[in-house]
Amino acid sequence: FVVSRAEPDHLLIENVAVSPAAQGMGIGSLLLAKAEQDAQDSGIEILRLYTNEVMVENIEYYTHRGYRETHRATQDDYHRVFFEKLPKVE
């Protein structure tokens, strides 16, 4: 599943989860693509998300899919890495 929330200037992807049995099948990429399409359909150009900094595989995963790290911060006692994806310039 993917959970997202429209904010005034961006779409926040709050959670992306794939069952362990289904991981590695491209479902996570499809879920991100769905959130990105929802944002585009709503006229939202910027997507943001975050992950825990100990989840290094997530950091690589999001970077590989065009998200760039914007900053790191502690939030609710979690050390988080924040990402942003801007619209493609054509």
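This is a predicted model: local features need pLDDT of at least 70, side-chain atom pairs count only at pLDDT 80 or more; totals for chains, interfaces and linings use all residues.
1. **The overall layout.** If you walk along the sequence, they come up in the pattern β-β-α-β-α-β-β. The radius of gyration is 13 Å, close to the 12 Å that the globule rule gives for 90 residues, so the protein is as compact as a globular protein of that length. To picture the extent, think of a box of roughly 35 × 30 × 25 Å along the principal axes, filled by the C-alpha atoms.

2. How much of the protein counts as buried? Of its 90 residues, 28% do. The accessible surface comes to about 6100 Å², and carbon and sulfur atoms make up 52% of that.

3. **The sheet.** The five strands form an open sheet, and its order is E1-E2-E3-E5-E4, with mixed pairing. Strand E1 (2-6) and strand E4 (68-75) sit at the edges, so to speak: each of them pairs on one side only. Neighbouring strands in this sheet are turned by 25° against each other on average, ignoring direction. As a reminder, strands of a sheet pair through backbone hydrogen bonds, either parallel or antiparallel.

4. Take a look at strand E2 (residues 11-16) and strand E3 (residues 47-52), which pair in the parallel sense over three bridges.

5. Which strands does helix H1 lie across? Helix H1 (residues 27-41) lies across E1, E2, E3 and strand E5 (78-85), and it runs at about 160° to E2.

6. **Contacts along the chain.** Among contacts in the protein with a separation of 6 or more, 48% are between residues 24 or more positions apart.

7. **Aromatic rings.** A search of the whole structure turns up four aromatic pairs. In one of them, Tyr 50 and Phe 82 form a tilted pair, 5.5 Å centre to centre with 45° between the planes. This pair links distant parts of the chain: Tyr 50 belongs to strand E3 and Phe 82 to strand E5, 32 residues apart. Elsewhere, ring pairs link Tyr 61, Tyr 62, Tyr 67 and Phe 83 into a cluster.

Note on methods
Residues are numbered from 1 along each chain as its sequence is written. Side-chain values use heavy atoms; hydrogens and water are left out. Two strands pair if DSSP finds at least two bridges between them. Helices (H or I, at least four residues) and strands (E, at least two) are DSSP runs, numbered from the N terminus. Axes are lines fitted to C-alpha atoms, for helices over the stretch in contact, and angles run from 0 to 180 degrees between N-to-C directions. Contact means heavy atoms within 4.5 Å. The radius of gyration is taken over C-alpha atoms; the globule rule is 2.2 Å times the number of residues to the power 0.38. Buried means under 20% relative accessible area, exposed over 50%, partly exposed in between (1.4 Å probe, protein chains only). Accessible areas come from the Shrake-Rupley method with a 1.4 Å probe; for residues, only the protein chains shown count as cover. Rings of Phe, Tyr and Trp (its six-membered ring) pair if their centres lie within 6.5 Å; planes under 30 degrees apart count as stacked, over 60 as edge-to-face and the rest as tilted.
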